[in-house]
Amino acid sequence: MRVLTFDSPETWAAYQRDFLAEAANAAERFRRSAGASIALDKSPESLDAVGTWLVDKLQHPEPGWDALDWLPVWLHPGLPLAGSGTDSDGPFTRAQLESMDQVHGYIVEVLLTQRPTAKWVIFTGAKRDIRRGSTMLDIGRRQWPINTIGLIYKVSLNVVLDGDLPPAGWLRNAVEAEFAKATG
């Protein structure tokens, strides 16, 4: 993920603008990709099927994306892609990143539907806090905003790098757990 800890507040604001625009666009792409195969009603229950869809796309990436020059805004721009042929290959292909980005966009829609009063914030914690500068969703407790991309990033790493499959309902459980922490 992209780390903005030591960047300027102006860079944080520009990142937030791009992050939010990309999340909205990604949700629309997800609706087209998923088609009628998933009931996308923005409910927490819909996240069960969305989580299954993501794991499938991580295991079986769609061809064609690797020819494009696209990366999600939330990815560190210097991270090499999987299969790049460098000693420091990253974990994901462009196709896997696109699937993650689409699901992230939908998660944002679900959270905003569940909490319409939520506000996007730029995390400004301690100077060495890795979350500093990140765009996060405040849904009730300002000291515990939700890192929306973090909801899928670690599980995606485990699926791609180790073949560890999450249990059924993992995405809804992750979102509900973060929601509970963030609302106190």
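Which residues is Pro61 in contact with, leaving aside its neighbours within four places in sequence? I started my notebook with that one.

**Ground rules**

I am working with a predicted model, where local features need pLDDT of at least 70, side-chain atom pairs count only at pLDDT 80 or more, and totals for chains, interfaces and linings use all residues. Residues are numbered from 1 along each chain as its sequence is written, and side-chain values use heavy atoms, with hydrogens and water left out.

**Entry 1: Pro61**

I found Pro61 in contact with Thr93, Ala95 and Gln96, once its neighbours within four places in sequence are set aside. Contact here means heavy atoms within 4.5 Å. Pro61 sits in the loop between α2 (46-59) and α3 (94-114). My helices (H or I, at least four residues) and strands (E, at least two) are DSSP runs, numbered from the N terminus. Pro61 is partly exposed, at a relative accessible area of 35%. For the record, buried means under 20% relative accessible area, exposed over 50%, and partly exposed in between (1.4 Å probe, protein chains only).

**Entry 2: Lys57 and Glu62**

Next I went to Lys57, which lies in helix α2. Which residues does Lys57 contact, leaving aside its neighbours within four places in sequence? I noted Glu62, Gln96 and Ser99. With Glu62 there is a salt bridge between the side chains, 2.6 Å from N to O. A salt bridge is a side-chain nitrogen of Lys or Arg within 4 Å of a carboxyl oxygen of Asp or Glu. Lys57 is buried at 14% relative accessibility, whereas Glu62 is partly exposed at 37%.

**Entry 3: the other salt bridges**

How many salt bridges does the structure hold? I have nine in my notes. One of them joins the side chains of Glu98 and Arg29, at 2.6 Å from N to O. Glu98 lies in helix α3 and Arg29 in helix α1, so this pair ties together parts that are 69 residues apart in sequence. I checked burial on both sides: Glu98 is buried with a relative accessible area of 2%, and Arg29 counts as buried at 13%. I also wrote down a network of salt bridges that links Glu28, Arg31 and Glu109.

**Entry 4: Glu178**

Then I turned to helix α5, where Glu178 and Lys181 lie three residues apart, about one turn of the helix. They form a salt bridge, with the closest N and O atoms 3.0 Å apart. Is Glu178 buried or exposed? It is buried, with a relative accessible area of 19%, while Lys181 is partly exposed at 37%. Not counting residues up to four places away in sequence, Glu178 touches Trp144, Ile146 and Leu151. I found 9.2 Å between the C-alpha atoms of Glu178 and Thr148, which are 30 residues apart along the chain.

**Entry 5: Arg132**

Arg132 is buried yet has no salt bridge, and the nearest side chain of opposite charge, Asp129, is 8.4 Å away. For charge, Lys and Arg count as positive and Asp and Glu as negative; His and the chain ends are not counted. What I did find is the backbone oxygen of Gly125, 2.8 Å from a polar atom of the Arg132 side chain. Leaving aside its neighbours within four places in sequence, Arg132 is in contact with residues including Leu4, Trp12 and Phe123.

**Entry 6: Lys42**

A quick backbone check: phi of Lys42 is near 65 degrees, a positive value in a residue other than glycine. Lys42 lies in the loop between α1 and α2 and is partly exposed, with a relative accessible area of 31%.

**Entry 7: the largest pocket**

Last, I looked at the lining of the largest pocket. A pocket, on a 1 Å grid over the protein atoms alone, is an open set of points where a 1.4 Å probe fits, with protein on both sides within 12 Å along at least five of seven lines; lining residues have an atom within 4 Å of a point. I noted 22 lining residues, of which Met1, Arg131, Met136, Asn147 and Gly150 lie nearest the centre. Which element gives the most to this lining? It is α5, with three residues.

Terms used
A polar contact is a pair of N or O atoms within 3.5 Å; within protein, one must be able to donate a hydrogen and the other to accept it, and residues adjacent in sequence count only if both atoms are side-chain atoms.
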